[in-house]
Amino acid sequence: LGVLRDLPLQALDPNVIIYSATVDALGRGEQWTLALGVLHEMRCGAVQPNATTYTNAVGAVGRGREWQRSLALWSEFLEDGGRPTAALCSALAGALGRRRRWEE
């Protein structure tokens with residue numbers, strides 16, 4: 001995350017691709033709380049998250065067995081006017097599927 005924060009110091013502006021990749025990497029590293037922090041930072045800043053960002057965030061919280069958060073992210077995306085993609089729907093289905101396996 002330090003690299004992401006240091007980009008402006010190097011005269012590089014973080015963009016949606018860099019943020020989305022960061023959310024994905026954090027999710028794959030089982031750091032879903034940090035991934036949500038990056039998403040929040042985007043929403044409060046100048047870079048707007050896109051469907052890929054939300055797909056990565058839903059996947060991150062799904063891997064963390066936080067299916068309720070997956071649904072909350074889905075709702076947030078739709079409320080912001082986002083158009084669901086096949087990848088986002090698949091990430092949500094995966095998160096909900098993990099919930100079921102976890103409860104068994």
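**Entry 1**

I started with Arg43, which counts as partly exposed at 34% relative accessibility. For this label, buried means under 20% relative accessible area, exposed over 50%, and partly exposed in between, using a 1.4 Å probe and protein chains only. Before going on, I noted that this is a predicted model, where local features need pLDDT of at least 70, side-chain atom pairs count only at pLDDT 80 or more, and totals for chains, interfaces and linings use all residues. I also noted that residues are numbered from 1 along each chain as its sequence is written, and that side-chain values use heavy atoms, with hydrogens and water left out.

Which residue does Arg43 meet in a salt bridge? I found Asp80, at 2.3 Å from N to O. The two are 37 residues apart and link distant parts of the chain: Arg43 sits in helix 3 (residues 32–44), Asp80 in the loop between helix 5 and helix 6 (86–103). Helices here are DSSP runs of H or I with at least four residues, strands are runs of E with at least two, and both are numbered from the N terminus. Asp80 is partly exposed too, with 48% relative accessibility.

**Entry 2: the other salt bridges**

Side chains of opposite charge can pair when their charged atoms come close. The rule I used asks for a side-chain nitrogen of Lys or Arg within 4 Å of a carboxyl oxygen of Asp or Glu. How many salt bridges does this rule give? The count is 4.

One of them joins Glu66 and Arg69, 3.3 Å from N to O. Glu66 is partly exposed at 22%, and Arg69 is partly exposed at 39%. I then looked for shared partners, and found that Arg43, Glu76 and Asp80 are joined into one network.

Arg28 pairs with Asp24, their closest N and O atoms being 3.1 Å apart. Both are in helix 2 (residues 16–28), and because they are 4 residues apart, about one helical turn separates them. Is Arg28 buried or exposed? Arg28 is exposed, with a relative accessible area of 61%.

**Entry 3: an aromatic pair**

I searched the whole structure and got 1 aromatic pair. Tyr54 and Phe77 form it, with 5.1 Å from centre to centre and 55° between the planes, a tilted arrangement. (Rings of Phe, Tyr and Trp, the last by its six-membered ring, pair if their centres lie within 6.5 Å; planes under 30 degrees apart are stacked, over 60 edge-to-face, the rest tilted.) Tyr54 belongs to helix 4 (residues 51–63) and Phe77 to helix 5 (residues 67–79), so the pair ties together parts 23 residues apart in sequence. Tyr54 and Phe77 are both buried.

**Entry 4: helix packing**

Next I checked how helix 2 and helix 3 pack: the angle is about 165° and the axes are 7 Å apart. (Axes are lines fitted to C-alpha atoms, for helices over the stretch in contact, and angles run from 0 to 180 degrees between N-to-C directions.) That makes helix 2 roughly antiparallel to helix 3. The cut-offs are under 35 degrees for roughly parallel, over 145 for roughly antiparallel, 65 to 115 for roughly perpendicular, and oblique for the rest. Residues in the contact (heavy atoms within 4.5 Å) include Tyr19 and Leu26 of helix 2 and Trp32 and Leu39 of helix 3.

For helix 3 and helix 5 I noted an angle of about 15° and axes 13 Å apart. These two helices are therefore roughly parallel.
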